[in-house]
Amino acid sequence: MKKSGNTLKENLSAYAFLSPWIIGVILFTGGPIIVSFLLSLTKWNLLGQPEFVGLENYKFMFSGESDFANSLKVTILYTVISVCSSVIMSLFLAVLLNFKVKYISLFQFFYFIPAVMPSVVMAFVFKLMFNKELGIVNYMLTFIGIDNPPNWLSDNFWIWPTLAVASIFTYATGQMMLIFNSSLKEVPKELYEACDIEGANFLQRFFHVTLPSISPIILFNTVVATINSFNSSFTLIYPLTGGGPGNATQVLSLSIYENAFKLFDMGYASALAVVLFVIVGIITAFQFRLSKNWVHYD
């Protein structure tokens, strides 16, 4: 009886400590999701009462008259480029941080500095750096003898390498670098000693010991980077390209913003947000399903 009372007391204490987080999720995440779904069934321009239109916004979205197909294609392309570049670079930096060299903490500090800069500020810095006429990138290319450097921000091809480079310097990369750095220190040293006895080189140690040992962390960072890329692409792309050139970088988050606050079509913008939420959920579930083939938890 006394043991049961102690268990109840521990459970109540746990729920009391968790309650701020649970209330926050319900009010600031669950509530907006429900409201967005309800608004997606209406036609509303922020003035007057929302008019119920059923699934009309979704029918228009999947018809050939909307730009949804192009936005979805651009969003997926940006996500693949952003996730690959940020995860690979953060792992590369974490590996460098595990070399035994002097002043390694200083290197870690400078590697993490771009991550603490707001994405909007960083985007404007890149906009100046990659400017065709005034940017330092084209100045350096001209200095080494390239007479006609590309127009990075206005060319349908070169805009993607520019976004890949910009994605490396977002907060997500610095955060993932620290997580990778911690996980690399947890790889059992006995495995590396066995590799040394067998005469394995650096690449063989990396691909056959390091990567399998940190595969759960790679999955975690990949899932977080994917969700972050879908949801936070607006803060990088809007100040950097504004969706251009043309509609080349018109991601879904940018379409949601333009439909909601430029065209004042809150119903259609909410429908786009609901579809984006479903897409992120499906892709995340797909990543966890595929992880059974390559993630090792032992």
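Student: In helix α6 (residues 136-143), what makes V137, N138 and L141 count as buried?

Tutor: Buried is the word for under 20% relative accessible area, with exposed meaning over 50% and partly exposed the range in between (1.4 Å probe, protein chains only). V137, N138 and L141 of α6 fall in the buried class. They sit on the same side of α6, because they cover an arc of only 90° around the axis, the arc being that of the directions from the helix axis to the C-beta atoms. Y139 and F143, on the other side of α6, are exposed. Please keep in mind that this is a predicted model, where local features need pLDDT of at least 70, side-chain atom pairs count only at pLDDT 80 or more, and totals for chains, interfaces and linings use all residues. Residues are numbered from 1 along each chain as its sequence is written, and side-chain values use heavy atoms, with hydrogens and water left out.

Student: What covers the buried residues of α6?

Tutor: The cover includes α5 (119-129), where contact means heavy atoms within 4.5 Å. Helices such as these are DSSP runs (H or I, at least four residues; strands are E, at least two), numbered from the N terminus.

Student: Why is the pair of R205 and D196 called a salt bridge?

Tutor: The term asks for a side-chain nitrogen of Lys or Arg within 4 Å of a carboxyl oxygen of Asp or Glu. The closest N and O atoms of R205 and D196 are 2.8 Å apart, so the pair qualifies. R205 is partly exposed at 22%, and D196 is partly exposed at 47%.

Student: How do you know that E56 and K59 are about one helical turn apart?

Tutor: They are three residues apart in helix α2 (residues 56-61), so about one turn separates them. With 43% relative accessibility, E56 is partly exposed, whereas K59 has 55% and is exposed. A search of the whole structure finds three salt bridges.

Student: Why is the pair of F234 and Y238 called stacked?

Tutor: Rings of Phe, Tyr and Trp (its six-membered ring) pair if their centres lie within 6.5 Å; planes under 30 degrees apart are stacked, over 60 edge-to-face, and the rest tilted. The search finds 14 aromatic pairs. For F234 and Y238 the centres are 5.0 Å apart and the planes at 10°, so this pair is stacked. Both residues lie in helix α11 (residues 215-240), four residues apart.

Student: And what makes the pair of F234 and Y257 tilted?

Tutor: Here the centres are 5.0 Å apart and the planes at 50°, so the pair is tilted. F234 lies in α11 and Y257 in helix α12 (residues 252-261), so the pair ties together parts that are 23 residues apart in sequence.

Student: Which elements give two or more residues to the nonpolar patch on the surface?

Tutor: The patch, whose members include F99, F107, F110 and F207, has about 1300 Å² of accessible area together, by the Shrake-Rupley method with a 1.4 Å probe and only the protein chains shown as cover for residues. The elements are α4 (104-112) and α10 (202-213), and α4 gives the most, with four residues.

Student: What makes F107 partly exposed?

Tutor: Its relative accessible area is 42%, and F107 is found in helix α4. Patch residues need over 30% relative accessible area and no salt bridge, with like charges joined within 9 Å and nonpolar side chains (Val, Leu, Ile, Met, Phe, Trp, Tyr) within 5 Å. F107 is above that area cut-off at 42%.
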